[in-house]
Amino acid sequence: MSPSRTRPLRAAVLGLGRVGLVTAASLAAAGHRVFALDRRAERLAQVARGRLPWREPGLDELLRTTLDAGTLALRADLEPISAELDLLAICVETPLGADDRLDVRPLCAALAEVGRLLSRRPRTAAPLLLVLRSTVPPGATETRLLPGLVEASGRAPGEGFELALNPEFLREGSALADHRAPARIVIGERRPGASGRLLGIYEGAAAPVFEVGYREAETIKLVDNAFHALKVAFANEIGRLAFGLGLLPARLAELFLADGKLNLSAAYLRPGAPYGGPCLPKDLRALLATARACALELPVLRAVEASNRLHLAFLVERIAALVPPPGPLFLLGLAFKEGVEDVRGSPQLELLAQLAARDYAIEVFDPDLEPEDALAVERGLPAGARLHGRGAVEAALAGARLVILAKRPPDLLRRLPPGLPIVDLLRLDLPDPRERSPRTTRGAA
Ligand SMILES: NC(=O)c1ccc[n+]([C@@H]2O[C@H](COP(=O)([O-])OP(=O)(O)OC[C@H]3O[C@@H](n4cnc5c(N)ncnc54)[C@H](O)[C@@H]3O)[C@@H](O)[C@H]2O)c1
């Protein structure tokens, strides 16, 4: 990080755990004037003595250097410095509550204190940017934190203060290195650009910057860690399977990891249709049967089929919420994926069955299906679903009240009537593909 403005920022950091200390020391090392505060006198004393209760490579030294240089200073009270601050980073704890939700009470308390100070800040003072670095549960900023701040300060955001989220993705043990070289920087804002890219504190960082809404910034932090947990559980289930089969788990893992095309990549990681086809369902079942034969429990992998079924049910509900039976609906793409004609194990077959059971009429077209195969395929369709050849597509489409997209032939996409609702199995939940523009992601400045 390097200061982007002509004058260094005056910043304060509230809460001196790993996240707060790394934030404070890094801002100070970048040349900003930083005050570090904690409500526990013991923590302030530990930082002053250079004796943290945990080891974090490089942090002791960076704290010592910045404290000695005077760019970092410890304070017990926010009030005397609050009037002169540009930025206040809040890094207090959000532990797991008894109900498995993140407990935001420490954050609420900190923001109530900040709100009271804000209420006394002269209206002519430069706006204060409040940055939440703590992990915040999805929705809490909009429903609890910002309203609490508005109540305590008597001011609306934009009137002397702005609130942004900047979740931290550091790992204990490599906190400083992770903070210095993030894979991406996420900034959650009330409206795009409201925080001035956190006043430019990340200017010069090599990582891409994503300016998103509060809820997206809150959620991505949990999603990342949930995925990491899932990876560990998956790797261990495969490790147990390897043991059961008399294989070396580490060797099998290396083989798995050697595939950077489908295994370690973005492949299969975008929400859309359930998985299907002639291979994935069959081979997953075969793997689970192999595990059972080895008397092994693999609950993560066993849950995959149920999750896939639930996803299909979710899609049916989405369609029903948009257009009631009998539709008619138009399904574009019957094969199990784009570019193929193979309908074996296609999730669209099950989707058709469930929609037909709800009395929908469904017109079906697949651009890759050869006319000579169509008859056999049509015999496998439920009553209520009709397969069309290329010549009859226009007429079928004209009467449809909703389109389910499982393939995207550009010529047909262009001819989709404007305003016709679309359920896109290839990119779930994104806006209408007719109006889709690239997501706003700006790279590092
Ligand atoms: N530790 C990690 O590896 C890590 C990584 C990424 C994100 N996070 C998240 O960041 C947040 C902070 O994590 P941490 O591990 O640094 O926390 P921590 O519990 O180690 O430290 C929080 C500090 O905040 C202080 N504090 C609480 N309320 C305060 C107030 N009103 N004023 C001043 N100080 C106050 C506490 O005394 C404590 O020292 C959490 O939400 C955590 O989930 C942690």
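A polar contact is a pair of N or O atoms within 3.5 Å; within protein, one atom must be able to donate a hydrogen and the other to accept it, and residues adjacent in sequence count only if both atoms are side-chain atoms. Under this criterion, a polar side-chain atom of Arg40 lies 2.7 Å from an oxygen atom of the ligand. The protein covers 83% of the 840 Å² of accessible area that the ligand has on its own. Accessible areas come from the Shrake-Rupley method with a 1.4 Å probe, and for residues only the protein chains shown count as cover.

The model is predicted: local features need pLDDT of at least 70, side-chain atom pairs count only at pLDDT 80 or more, and totals for chains, interfaces and linings use all residues. Residues are numbered from 1 along each chain as its sequence is written, and side-chain values use heavy atoms, with hydrogens and water left out.

The chain has 16 helices and 13 strands. Helices (H or I, at least four residues) and strands (E, at least two) are DSSP runs, numbered from the N terminus. The C-alpha trace spans about 80 × 60 × 40 Å along its principal axes. Of the 445 residues, 42% count as buried. Buried means under 20% relative accessible area, exposed over 50%, and partly exposed in between (1.4 Å probe, protein chains only).

The ligand has 21 residues around it. Asp38, Arg39, Arg40, Thr94 and Thr135 come nearest. By class, the shell has seven nonpolar, five polar and nine charged residues. Here Ala, Val, Leu, Ile, Met, Phe, Trp, Tyr, Cys and Pro count as nonpolar; Asp, Glu, Lys and Arg count as charged; the others, Gly among them, count as polar. Helices α1 (18–29) and α5 (105–120) each supply at least two residues of the shell.

Backbone atoms also reach the ligand. A polar backbone atom of Val19 is 3.0 Å from an oxygen atom of the ligand. For a polar backbone atom of Gly17, the distance to a ligand oxygen is 3.4 Å. Arg40 itself sits in the loop between β2 (33–37) and α2 (41–49). Arg40 counts as partly exposed because its relative accessibility is 38%. The C-alpha atoms of Arg40 and Gly15 are separated by 8.9 Å, although the two residues are 25 apart along the chain.

A nonpolar surface patch is formed by Phe227, Leu230 and Leu269, with about 270 Å² of accessible area together. Patches are made of residues with over 30% relative accessible area and no salt bridge; like charges are joined within 9 Å, and nonpolar side chains (Val, Leu, Ile, Met, Phe, Trp, Tyr) within 5 Å. A salt bridge is a side-chain nitrogen of Lys or Arg within 4 Å of a carboxyl oxygen of Asp or Glu. Phe227 lies in helix α9 (residues 214–244). At 33% relative accessibility, Phe227 is partly exposed.

Backbone geometry was examined next. Most residues other than glycine have a negative phi, and most peptide bonds are trans. The Pro325 to Pro326 bond is cis, with omega near 10°. The Gly327 to Pro328 bond is cis, with omega near -5°. Pro326 is in the loop between α12 (299–322) and β9 (329–332), and Pro328 is in the loop between α12 and β9. Arg197, in helix α8 (residues 196–199), has a positive phi near 50°. Arg197 is buried, at 19% relative accessibility. Asp359 has a positive phi of about 70°. Asp359 lies in the loop between α13 (347–357) and β10 (362–365) and is exposed, with a relative accessible area of 59%.

Notes:
Near = heavy atom within 4 Å.
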